[in-house]
Structures are given as C-alpha cells and as structure tokens.
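Dear colleague,

Please find below the structure that I am handing over to you. A written account of the findings comes after it.

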Amino acid sequence: MECGSAAKPSKSFSNISEIVSRFARVCRFRSVGVLSSENPGHNRHDYCPSDGDAVMGEDCSDATEEAERDAEKIHPQPVEGFSGSGECVSGNAEILKLFDTVSTLKLAYIQLQQAHIPYDPEKIKAANELVVAEVEALCKIKRSYKEKKHLGKSKLGSSHSQLIRVKEKLLDQLKSQATAKDSEIISLRRKLEDLDLQNEELTYKLERRCLEEGKVVVFNQPSFQDAFNAASKAIHDFSKPLISFLRVSGWDLDLAANSIEEDAVVYSKRSHKKYAFEAYIARRMFHGISIQSSNFGYGAGFDDPVGALIEDPNSGFAEFCRSKYLLVIHPKMEASFFGNLDHRMLVTMGKHPRTSFYEAFVKMANCVWILLGIATSVKPKPEIFGVKRGSEFSEVYMSCVEEGEKEATGGFDEGQTKLKVEFMVMPGFRIGDKLIKSLVYLSKMRS
C-alpha cells in the first residue's frame, strides 16, 4: 500500500512539475528582477528532488518563509512622465497591472514549490490553479496590448489615408484652378490684342479726320523716332541693291564713293564707304522738301506700294516716287544697270514698272513718305537741320551711324582726340524743344 500510495503522488508530481517548468520557461521569472536588490545573497528557490533539499525544507520555519516572501515581493514604482493626458494615464495603469500580475505569479510559483516540501496535494492544487489563473491574466494583458497596438496602427493608417485623400482633392482643385486661370489669361491676351488693333484703327481714323478737317496732331516723339528709324533703315536696305548693280555693271566703287564728297573722306574701314551711298540717297530723297506744306498724307503707308501707284498713278505718293526716282537714279547708272532707259521712260510717262529694283526703290520711298507725312501733320511744325562737314561732333545734335559707335568714338583719351564729322548720312529734326538727332559719319584727329 505504501508503494501504491507513493506511485500515485509521483505521477501527479511529474505532471505538475512539467507544467511548472513550462510556465517558468515562458514567464522567465528570474529575468524580470524578482529578487530583492537589498538582499543579493538570497538563494534561488530552484526545486531539485534530493534529500538535502528535503532537510533544508524541514529546517525552515514559518517566519523565515514569510521573510523570504516579503523580500521577494515586487513593489512597482510609478513611472515618471506619464501624466496629463488620458492616454498616458491608461498606459501607466496597464504597466502597473502587468507588474502586479507578474509579482502575483511569482508568489504563486513560490507557493507551488513550497507545496512540494513537504508534499501537500491540496496546496499543490491550489498553487497550480493560482499559477494558471495568473498566466491567463498575463495572456489577457498580452492580447489586450496587441489589440490596442493593431487598433492604433489601423487608426493611424486610416488617418493617413484620409489625409492623403484630402490632399489629393486639394491638389486636383488647385490644378483645375490653375487650368482655369491659364485659360483666362489666354482669353485676356486675345482680348488685349483685339483692343490694341481697334485702338490702332481708331487712332488712324482720328488722325485722318483731323487732317481732313485741317487740325493738327499732337507731337509724339517715340512714334516720330520710330518713323525716322524706319526711314533710315529703308535707305540702308536700298543702298545694298544699288551697290550690287554698280559692282556688277563695272563701276569703280571707290571712285564713286569719293565722287559723292568734294574732298577725300578718311574712312576707318573700306567697308564704311557704303555710308557714302546711303548719304547720297538720303540727300536726294530729302532734297527740296518743304515741311510747312501739307502735301504728305499722315502715316499714309501702303502694304503694296507699287500696287497703290498703279491703282492711283496721279496721287501725291505717285508724284513723289516719280520725282525722287529721276533724281536718285542717274541716266548713266540706269543705262549701265539695264542696258536701256526703259525704267526712266515709263516713270516719266506716269507708269511704274514691276521690277525688283523699282519695287525696292518704292518700298524705301514709302518709308520716307510716312516720315514726311507725320512731320507735316504735327504741331509745332518740325524743322529739318543738317550738319556740315568738318563740324565737331556733339552728342546733343548728332548720332554716329557706325554699328560700333563706342569703338568709333573711342581709342584715345579725352583731350587728346577730336571727333570730326566727315559727312551727314541722315538729316535731323527739331520739333519745338525736342530733337531727333542726325546721323553722321565721324573720323578721329589728334588735337
């Protein structure tokens, strides 16, 4: 009977030891600081089924067991920094609950060990139930933590997704607004262009009506300067085919350039002799012009000047082209260009040939006609002034015709050079106290 009775507790003891061992591995009681820091020499309560352990268990008194329990109890301290918000307080309470549960589980495990020495099945069963209950409590805490963590991540993810959707909607709105603004800008630009065209048409009609009624137009220096520059460029452009015809016809360009001025001109470059031909054309085009008369229509330019001449061969512009062509193109020049005087004969008869050379001339004459038309229509009446050869250069009345004006007027220190006018290329205009500078060709001479 003793053997039988001993066998039954042995089997129960084996099952309980296996359960306790498993709980010990899971919970790892010794890694959470169960032992008291004030009693580092306290022995561990590892159970080993040996005779020595049994003797030690029998020698220990109840007072000693209570002291050990008090020494091994864990007293969690409040965690600093978790205050203020409800979330921090909740987290602090959960941590305290976790520490309490671990402490209780430790004590239950100690009671389970003590129930084996001496062996008491009732105490073992009670301690085992307590250990299981505390382990279940820990599992509940773990599940609760995981659920809250997952819930927090899902909330954070949903909040981020919602924020992204809001930002995307805002971005779409901004894009649509930008597209609408671009369309509005394009529409406003088109309206502005249309208004500019309408203003130009109204200005032209108003100026023509003022001219027909004998009224004068207020002087506008920028527009007059633009017309002056256009006429100067047109003369420059017409000089190119004229020089080309002279070269092809066998003319000596150096001799022709020198014949334009009575005395020899000092050119800084040989290519600058082209300005002599420009001066020759401008001199003929402005010869005999009276600004005080009103024979020139205000801004009466033509898109097709030759067509306008053929349509109205007796107009003021037609008469202007006829007289100026005969004055600019010498009979010898035309004969050498074309081998005949057909252009001259047709122009004299009041006809206008459609050749490239004559069309280039009429285009240049049209720009000069526009400049003279503006000059005769403004108030106060402009005055044409010229510059004599040998005059000292003055930036107030003159402008250098060379492309590199700074280079042409530089090269020597001030006081050591004297800039002299070799010849005038384009005349200037004086309109009240306003000046349109004449274009001159300069040379340098040491003082």
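This is a predicted model: local features need pLDDT of at least 70, side-chain atom pairs count only at pLDDT 80 or more; totals for chains, interfaces and linings use all residues.

Residues are numbered from 1 along each chain as its sequence is written, and side-chain values use heavy atoms, with hydrogens and water left out.

**The loop between H7 and H8**

Glu-261 lies in the loop that runs between helix H7 (253–260) and helix H8 (274–285). Helices (H or I, at least four residues) and strands (E, at least two) are DSSP runs, numbered from the N terminus. With a relative accessible area of 13%, Glu-261 is buried; buried means under 20% relative accessible area, exposed over 50%, and partly exposed in between (1.4 Å probe, protein chains only). Leaving aside neighbours within four places in sequence, Glu-261 is in contact with Arg-283, Arg-389 and Phe-423, where contact means heavy atoms within 4.5 Å. The C-alpha atom of Glu-261 is separated by 9.2 Å from that of Tyr-280, and the two residues are 19 residues apart along the chain.

His-272 is also found in the loop between H7 and H8. Its relative accessibility is 7%, so His-272 counts as buried. Not counting residues up to four places away in sequence, His-272 touches Tyr-267, Glu-402 and Tyr-441. The side chains of His-272 and Tyr-441 are joined by a polar contact of 2.9 Å. A polar contact is a pair of N or O atoms within 3.5 Å; within protein, one must be able to donate a hydrogen and the other to accept it, and residues adjacent in sequence count only if both atoms are side-chain atoms.

**Salt bridges**

Side chains of opposite charge can pair when their charged atoms come close. A salt bridge is a side-chain nitrogen of Lys or Arg within 4 Å of a carboxyl oxygen of Asp or Glu, and by this rule the count comes to 8 salt bridges.

One of them joins Arg-270 and Asp-254, with the closest N and O atoms 3.1 Å apart. Because Arg-270 lies in the loop between H7 and H8 and Asp-254 in helix H7, this pair ties together parts that are 16 residues apart in sequence. Arg-270 is exposed, at a relative accessible area of 61%, while Asp-254 is partly exposed at 24%.

Arg-322 and Glu-319 form a salt bridge through their side chains (2.3 Å, N to O). They are 3 residues apart in helix H10 (residues 316–328), so about one helical turn separates them. Arg-322 is buried at 13% relative accessibility, and Glu-319 is partly exposed at 43%.

The side chains of Arg-354 and Glu-359 also meet in a salt bridge (3.5 Å, N to O). Arg-354 is partly exposed, with a relative accessible area of 49%, and Glu-359 is partly exposed, at 32%. Salt bridges that share partners join Asp-254, Arg-270 and Lys-273 into one network.

Strand E6 (residues 428–431) pairs with E7 in the antiparallel sense over 3 bridges; two strands pair if DSSP finds at least two bridges between them. Arg-430 stands opposite Leu-435 in E7.

Yours sincerely
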